[in-house]
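Here is a short report on one protein model. Keep the structure open as you read.

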Amino acid sequence: MAKHFLVAVNTPFNNSLLTYKSEVEFLKGDLVEIPLGKRITFGCVINEISGDLDTDIEYKKIRGLVDDSINISGEIDFLSWISKYYHYPLGQLIFDTLPKVLKRPRELKFFEGENSIPEVVLENEQELAWEELDKLNIRSFSKKLIHGITGSGKSYIYLKFIKKVLNENRRVLFLVPEINLTPQFISFFVQHLKVPIYLYHSDISNSDKYNLWKLMQEDAGPCLIIGVRSSIFIPIKNLGCIVVDEEHDNSFKQDDRCPYSARDAALKKAQLNNIPILLGSATPGMDSFYNFKKTDDYIPITKRFSKGSLPEIDLVDLRETDYGIDFETWPIPVSTLEKVKQRLEAGEQVLFFINKLGFASYVQCRSCGHTFDCPNCSVSLTMFKGRRELSCHSCTYKEEMPSMCPMCQNMNLLNKGFGTEKVSEVLEEYFGDKSIARFDRDEIKTTKKLEEVLNSFHSRRIDILVGTQMVSKGHNFKNVNLVVVLGIDSQMNYPDYRANERAYQLLTQISGRSGRFGKSSSVMVHTHNPENDIFSFVKAHSFDGFYQKEIEIREVCSCPPFFKLVAIYINGKDRDVLVGLANKLTSELSFLSEKYFNEVGVLGPRPTVIEKRANKYTWVTLLKSSDINQLHNLLSTWEEKIKLKSGYSIKIDVDPTFIT
Ligand SMILES: [Zn+2]
Ligand SMILES: [Zn+2]
């Protein structure tokens, strides 16, 4: 007698759950090979179907197991939740997250905990925070938000809790937003723990990923896994707790494929596994703060650990000091360079922050005004002087640096805007004998290079580090007491409801790199708009002040956390067809909203901020509602009817972090 199984098939169709038959037994969570149409693909067994099936249908047969060493039965509920919440096909989600199956994987690499440093003694507030955590029942679900200012010793509090869980022979998942934070956490945990420590991020080999998945399904002893957002999908047997550090960070949200938030998914995973979860940040997301602040699950730490003091924030008014693009040290005022000089002469190191790559943001002809734009996208090309290249930041297009204007043959080209390369050059010219290094995506392409630069900076072989947001997060630089921030205005003017929140977080995080170890320290923020309220809150180190002001705006504009948002991106190659499609799909949404789901507002469609990318156009429609059920039901009803021509696609982004 053939048995029947419900299988989540690796396909982009809305309904990826199909029925298959088999003479042999399969278990929930088995990965199988199956026919789909004329091709062979993969699927995951969800359950055996009992009871009567339609006898007229000839179900296709499961061909066999893909791999008998991986079974994800323990994750099916979790993955199903993600699939439903983010409106992404379950089968596709499962196979997006799975490492490639290997026949002969190499041996798994890991770090052996040495526990070589005695435990630090916590101070007043840190001790109180720990007492709160110590009360938790580690065998049941609970969530805590540790809101500790930068340098407040959050890591030591995590550490004590992690030790407690490991002592119960359970495993711990520690989530960080970016690869570049893993080196310092590895050395921290190697020094303080006596268990194996595993890494999981995009730069480890597929063999290591595959091995780790296999190992984590086994009943082996306690360990710590440090990973970026995708590690939330590792099926970890005996998982005892999850820690999400820098919980506010946008990198926890995936952009492409299924746009899930690893932080929100982690909360769900902890709940399903009935274990505690700790979220930590110096600048919690507005949504987290709003949800936690009114509960007992909120743990504030307001003082820096071990005598560290918060830096003085100096606003440099560029309206008074900016002498324009032709000035020798542009974009850095001489007064700033002199302050940097004093710090360097005192034997300190200095950090520069500028959130743009390259030498110039765009190049323009002085005579006719022609700008050099990407032929495939609606953006200007960024100039990289060292590589003698203009390149596009939204596709792979690049061209050799032009020597003259193609329109009027004028040789006088103007570089506008600036990035890390330009700032480094100015610093090199001004401080001839000092060592200056860059810390950005352009310069740091591997974890090896990352560690090299960080080590050089820690051992003081580099005097000034010029970085993008890569330097802003979590790093502990012992000898930095001055941070210089350039180009922050463009961040604040970004047309998105979260622009203020992001600017506040960014400034606070960057400031947090300064003066973590006692000395008097400062941050010089360069702006054309010093009157902006955000600066006064950053200056006063007043998260609450910022929050109070911002939450009122959110309520008035019906934005999160009061309303839920969904962004629907519609993408295609022919602009006219795309606009027609976007209008049609949006009017279907409006129709459903008016008729059945009154609580959902439909806005749009409109072109995205960068309408054309890599020769494809994108328009966006927004859904807004305070009724989450109506929102999901509207989406599900609408999705069922969608039929798209090839070359056109839709991306649904639930709780978008950026609305572009
Ligand atoms: Zn010209
Ligand atoms: Zn491009």
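## Model and domains

Two residues are in contact when heavy atoms lie within 4.5 Å. By that rule, 17 residues of domain 1 are in contact with 20 residues of domain 2. Remember that this is a predicted model.

Where do the domains run? Domain 1 covers 3-97, and domain 2 covers 111-301. Domain 3 is written in two pieces, 312-359 and 419-553. Domain 4 takes 360-417, and domain 5 takes 564-654.

The centres of domain 1 and domain 2, taken over C-alpha atoms, are 31 Å apart. The size of an interface is often given as the accessible area lost when the parts come together. Here domain 1 and domain 2 bury about 1600 Å² between them. Carbon and sulfur atoms make up 67% of that area. Which residues of domain 1 lose the most area to domain 2? They are Phe78, Tyr86 and Thr97. Together they give 35% of what that side buries.

Two elements give two or more residues to the side of domain 1 that touches domain 2: helix H1 (76-85) and helix H2 (90-97). The largest share comes from H1, with five residues. By class, this side of domain 1 has nine nonpolar, four polar and four charged residues.

## Salt bridges elsewhere

How many salt bridges does the rule count? The count comes to 36. One of the pairs is lysine 160 with glutamate 119, at 3.5 Å from N to O. This pair links distant parts of the chain, 41 residues apart. Lysine 160 sits in helix H4 (residues 154-167). Glutamate 119 sits in the loop between strand S6 (111-112) and helix H3 (124-134). Glutamate 119 has a relative accessible area of 38%, so it is partly exposed.

Aspartate 134 and lysine 164 form another salt bridge, at 2.8 Å from N to O. Aspartate 134 lies in helix H3 and lysine 164 in helix H4, so the pair ties together parts that are 30 residues apart in sequence. Aspartate 134 is partly exposed at 37% relative accessibility. Lysine 164 is partly exposed too, at 25%.

Now take aspartate 317 and arginine 319. Their side chains meet in a salt bridge at 3.0 Å, N to O. Arginine 319 reaches 47%, so it counts as partly exposed. The cut-off for buried is under 20%.

## A buried threonine

Threonine 447 is in helix H12 (residues 447-458). Its relative accessible area is 17%, so threonine 447 is buried. What does threonine 447 touch, not counting residues up to four places away in sequence? The answer is Ile179, His201 and Asp203.

## Backbone details

Look next at two peptide bonds. The bond from tryptophan 330 to proline 331 is cis, with omega near 10 degrees. Proline 331 lies in the loop between helix H9 (318-321) and helix H10 (334-345). The bond from glycine 604 to proline 605 is also cis, with omega near 5 degrees. Proline 605 is placed in strand S26 (residues 600-613).

Finally, check the phi angles. Asparagine 115 is not a glycine, yet its phi is positive, near 45 degrees. Asparagine 115 is found in the loop between S6 and H3. At 37% relative accessible area, asparagine 115 is partly exposed. Serine 558 has a positive phi of about 50 degrees, although it is not a glycine. Serine 558 sits in the loop between helix H16 (543-556) and strand S25 (564-572). Serine 558 is partly exposed, with a relative accessible area of 22%.

Methods
Residues numbered from 1 in each chain as written. Chains lettered and ligands numbered in written order. Predicted model: local features only at pLDDT ≥ 70, side-chain atom pairs only at ≥ 80, totals over all residues. Heavy atoms only, no water. Domains from an automatic or database assignment. Buried area = accessible area lost by both parts, 1.4 Å probe. Helix = DSSP H or I, 4+ residues; strand = E, 2+ residues; numbered from the N terminus. Nonpolar A, V, L, I, M, F, W, Y, C, P; charged D, E, K, R; others polar. Salt bridge = Lys/Arg side-chain N within 4 Å of Asp/Glu carboxyl O. Buried < 20%, exposed > 50% of the residue type's maximum accessible area, 1.4 Å probe, protein only.
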